[in-house]
Amino acid sequence: GVTRHYKFNIELKNITRLCHTKSIVTVNGKFPGPRVIAREGDRLVVKVVNHVSNNISIHWHGIRQLRSGWADGPSYVTQCPIQTNQTYVYNFTITGQRGTLFWHAHITWMRATVYGPLIILPKPNQPYPFPKPYKQVPIMFGEWFNADPEAVISQALQTGGGPNVSDAYTLNGLPGPLYNCSAKDTYKLKVKPGKTYLLRLINAALNDDLFFSIANHSFTVVEADAGYVKPFNTSVLLITPGQTTNVLLKTKPVSPNATFYMLARPYFTGQGTFDNTTIAGILEYEETQNLTTTPVFTPVLPAINATNVVSNFSSKFRALATAQFPVTVPQTVDRTFLFTVGLGISPCGNNKTNNQTCQGPNGTRFAASMNNISMPLPSTALLQAYYTKKSNGVFTTDFPITPLNPFNYTGTPPNNTFVANGTKAVVLPFNTTVEVVLQGTSILGAESHPIHLHGYNFYIVGQGFGNFDPSKDPKSYNLVDPVERNTVGVPTAGWVAIRFRADNPGVWLMHCHFDVHLSWGLRMAWVVMDGKLPHQKLLPPPSDLPKC
Ligand code: C2O
C-alpha cells in the first residue's frame, strides 16, 4: 500500500438551505465534507487543524484501527478533543477492508455538519466480485437543522426534555424539491442507458433510520459496512445511521421519456416527535429530451412503522463467504453478555444543576442506557487513562454482563426503571471470543436502535422479536455465512446476537448511533488487553495526542 495525505481545516462557512443562511462548521469549507479515497492496505495520514471555537475530533467510522486506537477519534474515549488552534494527525492503515465507510465529527452533535465519505477501493489488480461498474456515485444522507444543532442538543440536556427535530433530510447535502424554498437544492443523478452504476449509500443522519427507493428501478445489494455480501435484489433499502450499503443500479437499456424521483424518509416506531419529512433527488437519463414536459415517476416507500419490511430486509444480508473472503465467525464463545438497549428516565435531581428543569415524562429527565446504565463521558480520555494506568476516578470495570434486575423487556415495563449513571467498561483478555445479545426494551416505547461498535466488525448470528430465549434461540444461529457489520439495527421489541473476536487491543466504544440516544448516555466501553506477542499490542500514543 501507499501513504495518502489529507489536510482537514475545520472552518466556518456560510451555507443556505430552506432559505436559512447560517454559519456552520465544515471541513475545508465543504458541505458535506471532502471525499477521502484510499485502497485496501494503504496508510491514511490526515492532519486536522481546528480553526473554530468548538472542540472537535474526527472518527473514521468502521475502520478497524488495528493497534492504532489513538486514531479512532471519539472525544473523551480514545482522545481528548482537538481544541481551538490545535492540530492532530490521524495516522492509520486500512487492513482487511474495502468498500464504503464514512468519517464524522465525534463530539456532541458536531457531526450534523462535519462528515464525508470514506471510500476504500480494492487492492490494485483485485477485481470486485461483481460486474465492474461503469461509474461510482456516493449517496450520503444527512439532516439539516435551521437552528444550530449544538444549541438544539444542549438545550435538550439542560431541560431534560426531547430535542427539536431536524427541518429536512439531505442527499449529498441537498434537501430536494419537496421542502419549501428548496427546489434549486436538488441532487440530480445523470445516467446513461444500459450501464451499471455502483451507488455508495451512507446514512450520516443524526437520528433516523431511512428507507430509500428510486421509482421504476431496483438495486442489487453487494456490500454492507465495507464487506462483500451475497448479492440480492430489492427495490427498497433501509439504512440506519452508521450503516453503509453498496448497491448496483442497472439503468434501462434505452433512455425512457421520463425522470424518476429517488426518495428517502424515516422508519420510526417510537413515541414522541421525529422528522417525518421526505427527501427527494432526481434520476435523469442524459439523452432524455424535453425534460420540462417529461413525466416524473415517484417510488412507493413502506409505511413509516413497517417493522416487517425492515426485518425481512435485514434478514437478506449474508456474507459473501468465499475462499478469498472467508467468514471467521467464532464457532464457540468464551464470554456471553446480555445487554438491554433502550430509553428510560432518570429522577429530576439526577445531574441537575442550577436553572435546570425536568421536562421529560412526569417531571423526569430523558435518559438512555445499556443494562440500565447511562454513561457520562469523563473529563479525560478513557484510552489515555487506561494506557497510563490512571483509570482511578475516570472509569470502573464493573459494567454488568447481564441486566441486574431482569424483567419482561418487550412487555409492559415495570414501574421503577430509573436509569443509573456510570462510566463503566468490560475488560476482555486478548483474543477472547465474545457473544453479545442486544435486547431491545419497551420502557418508553419500542424502537429500533442502531448499535455501533468501534474497532471491530461483528458477525450478526441471530435476531428475533420478543425476549431472547437462551435455551432456544442459539439453536437457529447462522454460523456459516452471517453478515459482518459495524452497526446493527436492534429489532424493534426484539433482540440481535453478535459475535466477535477481541483481537484489537485498546478501549472501544459501543453505542447507539442515534445522536439523541448517545447524548442521553446509550453507550459503554470495552477494554481489550494487549496480547503477549509484540504484534498483539496497542501502539504507543503519538506525540501530538491532544490533552484535555
Ligand atoms: Cu459513527 Cu461512535 O460513531
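**Entry 1: domains and their contact**

I count two residues as in contact if their C-beta atoms, placed from the backbone, lie within 7 Å. I keep in mind throughout that this is a predicted model.

I started with the division of the protein chain: domain 1 covers 1-126, domain 2 covers 130-319 and domain 3 covers 335-536. I then asked how many residues of domain 2 are in contact with domain 3. I found 28 residues of domain 2 in contact with 31 residues of domain 3. On the domain 2 side, the elements that give two or more residues are α1 (149-159), β15 (227-234) and α2 (307-314). Helix α1 gives the most, with 4 residues. I sorted the residues on this side of domain 2 by type and got 9 nonpolar, 16 polar and 3 charged. I also noted that the C-alpha centres of domain 2 and domain 3 lie 28 Å apart.

**Entry 2: what the record says**

I looked up UniProt next. Its unreviewed entry places the feature "domain: Plastocyanin-like" at residues 10-123, 136-287 and 406-530. For residues 10-123 I noted 0% helix and 46% strand, with the end C-alpha atoms 31 Å apart. For residues 136-287 I noted 7% helix and 47% strand, with the end C-alpha atoms 20 Å apart.

**Entry 3: helix α1**

Which residues of α1 are buried? They are Pro149, Ile153 and Ala156. Seen down the axis of α1, the buried residues fall within an arc of 60 degrees, so they line one face of the helix. I then checked what this buried set packs against, and found α4 (515-519). Just after α1, I came across Gly160 with a positive phi of about 85 degrees.

**Entry 4: helix α2**

**Entry 5: the nonpolar core**

I wanted to know which residues touch the most other members of the largest nonpolar core. In this core of 152 residues, the answer is Leu438, Ile498 and Ala525. Leaving aside neighbours within four places in sequence, Ala525 is in contact with Val77, Leu382, Phe395, Ala425, Val507, Trp508 and Leu509.

I then looked at Ala497, which sits in strand β31 (residues 494-501). Is Ala497 buried or exposed? I take Ala497 as buried because 25 other C-beta atoms lie within 10 Å, and the cut-off for buried is 20 or more. Not counting residues up to four places away in sequence, Ala497 touches Glu435, Val437, Val461, Gly462, Gln463 and Tyr477. I also checked Ala497 against Ile10: they are 487 residues apart in sequence and 38 Å apart in space, C-alpha to C-alpha.

**Entry 6: the start of the chain**

Gly1 is in the segment before β1 (3-17). I counted 15 C-beta neighbours inside 10 Å, so Gly1 goes down as partly exposed. Leaving aside neighbours within four places in sequence, Gly1 is in contact with Arg39, Gly41, Asp42 and Arg43. For Gly1 and Asp42, 41 residues apart in sequence, I noted a C-alpha to C-alpha distance of 4.2 Å.

**Entry 7: backbone notes**

Some backbone details went on my list.

- The peptide bond from Phe31 to Pro32 is cis, with omega near -10 degrees. I placed Pro32 in the loop between β2 (20-27) and β3 (36-39).
- Ala226 has a positive phi of about 65 degrees although it is not a glycine. I found Ala226 in the loop between β14 (219-224) and β15. With 26 C-beta neighbours inside 10 Å, Ala226 counts as buried.
- Asn362 has a positive phi too, near 50 degrees, and is a residue other than glycine. The loop that holds Asn362 runs between β21 (335-346) and β22 (365-370). Asn362 has 7 C-beta neighbours inside 10 Å, so I put it down as exposed.

Notes:
Residues numbered from 1 in each chain as written. Predicted model: local features only at pLDDT ≥ 70, side-chain atom pairs only at ≥ 80, totals over all residues. Domains from an automatic or database assignment. Nonpolar A, V, L, I, M, F, W, Y, C, P; charged D, E, K, R; others polar. Core = buried A, V, L, I, M, F, W, Y, C linked by C-beta atoms within 7 Å. Buried ≥ 20, exposed ≤ 12 C-beta atoms within 10 Å, placed from the backbone. UniProt positions renumbered as here; feature names shortened; annotations may be inferred. Arc of directions from axis to C-beta.
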